[in-house]
Amino acid sequence: MKFAILVNTGPFSHQATESALAFAQAVLASEHELIRVFFYFDGVHNANRLAAPSNGERNLVRAWSKLASERGVDLVVCIAAGLRRGVREANLAPGFRISGLGQLVEAGILADRLITFGA
Amino acid sequence: MASKRFLFVNRKAPFGSGQAGEMLDAALIAASFDQHVHLAFLDDGVFQLIKHQRPDTLEQRDFASTFLDLAEYDIDHVWVERDSLAERGLTETDLLIPVTLVDRATLSRMMADIDVVISA
């Protein structure tokens, strides 16, 4: 089955974001396919490479980047939501790309299931 | 591109968080991709549709006026949960646009017929 994930919450404020990452990892460990992770609303903060959590704290931004570098996961940040919150090319974490809401719609069309985290 | 049934579930009041306006943006983009777009308003989300909003007093974007133009985007399925309205002392006459009132059980059945549900 083809899955797509919508992440609506930031990296250090909501369990939903952790769950989204865990779900993504579980899909990759299964026979299913993860076609895209789309970051919208405060979810765009997951792509801010300037995030610097203290030692011993999980760095979710890096964890997402790792999914892209090791597993080739398509990580897409909404451009309008990102610009509004100061997430842009200049501070984009590795492995993310910036694009429009059309990428969310396309993910919904191409995937068998679009799973929302942070509802 | 294939056409699917999208449902955008609005559960937040219009200005208590930034989510309402951004949900509407996503719905309009889906419509521009020729998808069958449905909107559902429940819980505090029903406040998004009430008349006489004054977003200017909060220096907020007036996205509610976009609801008046939904037909231009071929969005003609607007569902409002009857119970959520009643719980907030509202009736259909308080709303900006004509809607389809549905009760909770019906709404969950209608959601089951949707391909892609997006909520925030």
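**Note on chains A and B of a predicted model**

1. Where the chains meet, 16 residues of chain A are in contact with 16 residues of chain B. Contact here means that the C-beta atoms of two residues, placed from the backbone, lie within 7 Å. This is a predicted model: local features need pLDDT of at least 70, side-chain atom pairs count only at pLDDT 80 or more, and totals for chains, interfaces and linings use all residues. Residues are numbered from 1 along each chain as its sequence is written, while chains are lettered from A and ligands numbered from 1 in the order in which they are written.

2. Look at the side of chain A that touches chain B. Helix H3 (79-84), helix H4 (102-110) and strand S5 (113-117) of chain A each give at least two residues to that side. H4(A) has the largest share, 5 residues. Helices (H or I, at least four residues) and strands (E, at least two) are DSSP runs, numbered from the N terminus.

3. Now the fold of chain B. Chain B contains 4 helices and 5 strands. Along the sequence, their pattern is β-α-β-α-β-α-β-α-β.

4. Next, the dimensions. Along the principal axes, the C-alpha atoms of chain B fill a box of roughly 40 × 30 × 25 Å.

5. How much of chain B is buried? Of its 120 residues, 32% count as buried. A residue is buried if 20 or more other C-beta atoms lie within 10 Å of its own, with C-beta atoms placed from the backbone.

6. Last, contacts inside chain B. Of those with a separation of 6 or more, 73% join residues 24 or more positions apart.

Methods: A residue is buried if 20 or more other C-beta atoms lie within 10 Å of its own, exposed if 12 or fewer, and partly exposed in between; C-beta atoms are placed from the backbone.
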